[in-house]
Amino acid sequence: MSLVTTHVLDTATGKPAAGIAVRFERQDGSLVAEGKTDDDGRIRDLGPDTLDPGVYRLIFDTGSYLGPEAFFPDVTIAFRIVDGTSHHHVPVLLSPFAYSTYRGS
């Protein structure tokens, strides 16, 4: 399993959000990895299993999932990795007009 994983749940439908493209970047914008959520709304293999401490971003292409009139065409979550060997799970709860996130396990 990679150091960083994610999971997107569509709270409007009560189902996983499959097929959302996700870009994983360092704070300077350089690419770490890219992936798409699977049928369970998860990306389990998103980059390496260790990372340098620092600030990173996950950018979710929510517009392609929610449609051309999406209020949030993308969602960017910035987070800090202090321990570059400890697993970091960053889930997103998504609806047409809101989203939330938290540090998962």
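Leaving aside its neighbours within four places in sequence, Val55 touches Arg26, Gln27, Phe79 and Arg80, where contact means heavy atoms within 4.5 Å. Val55 belongs to strand β6, and here strands (E, at least two residues) and helices (H or I, at least four residues) are DSSP runs, numbered from the N terminus. Although Val55 and Arg26 are 29 residues apart along the chain, their C-alpha atoms are separated by 6.4 Å.

This is a predicted model, in which local features need pLDDT of at least 70 and side-chain atom pairs count only at pLDDT 80 or more, while totals for chains, interfaces and linings use all residues. Residues are numbered from 1 along each chain as its sequence is written, and side-chain values use heavy atoms, with hydrogens and water left out.

Tyr56 also lies in strand β6, which covers residues 54-60. Is Tyr56 buried or exposed? With a relative accessibility of 3%, Tyr56 counts as buried, a word that means under 20% relative accessible area, whereas exposed means over 50% and partly exposed is in between (1.4 Å probe, protein chains only). Apart from its neighbours within four places in sequence, Tyr56 is in contact with a list of residues including Phe24, Val32, Leu51, Ile77 and Phe79.

The aromatic rings come next. Rings of Phe, Tyr and Trp (its six-membered ring) pair if their centres lie within 6.5 Å, and planes under 30 degrees apart count as stacked, over 60 as edge-to-face and the rest as tilted. By this rule the count comes to five aromatic pairs. One of them is the stacked pair of Phe24 and Phe79, with 6.3 Å from centre to centre and 15 degrees between the planes. Because Phe24 lies in strand β3 (residues 21-26) and Phe79 in strand β7 (residues 75-81), this pair ties together parts that are 55 residues apart in sequence. Both Phe24 and Phe79 are buried.

Another aromatic pair, formed by Phe71 and Phe72, is edge-to-face, with 4.9 Å from centre to centre and 85 degrees between the planes. Ring pairs link Phe71 and Phe72 with Phe97 and Tyr99 into a cluster. Phe71 sits in the loop between α1 (62-66) and β7, and it is exposed, with a relative accessible area of 54%.

How many helices and strands does the chain have? It has one helix and nine strands, and read along the sequence they follow the pattern β-β-β-β-β-β-α-β-β-β. The radius of gyration of the chain is 13 Å, close to the 13 Å that the globule rule gives for 105 residues, so the chain is as compact as a globular protein of that length; this radius is taken over C-alpha atoms, and the rule is 2.2 Å times the number of residues to the power 0.38. The C-alpha trace spans about 35 × 25 × 20 Å along its principal axes. Of the 105 residues of the chain, 42% count as buried. Among contacts between residues at least 6 apart in sequence, 56% join residues at least 24 apart.
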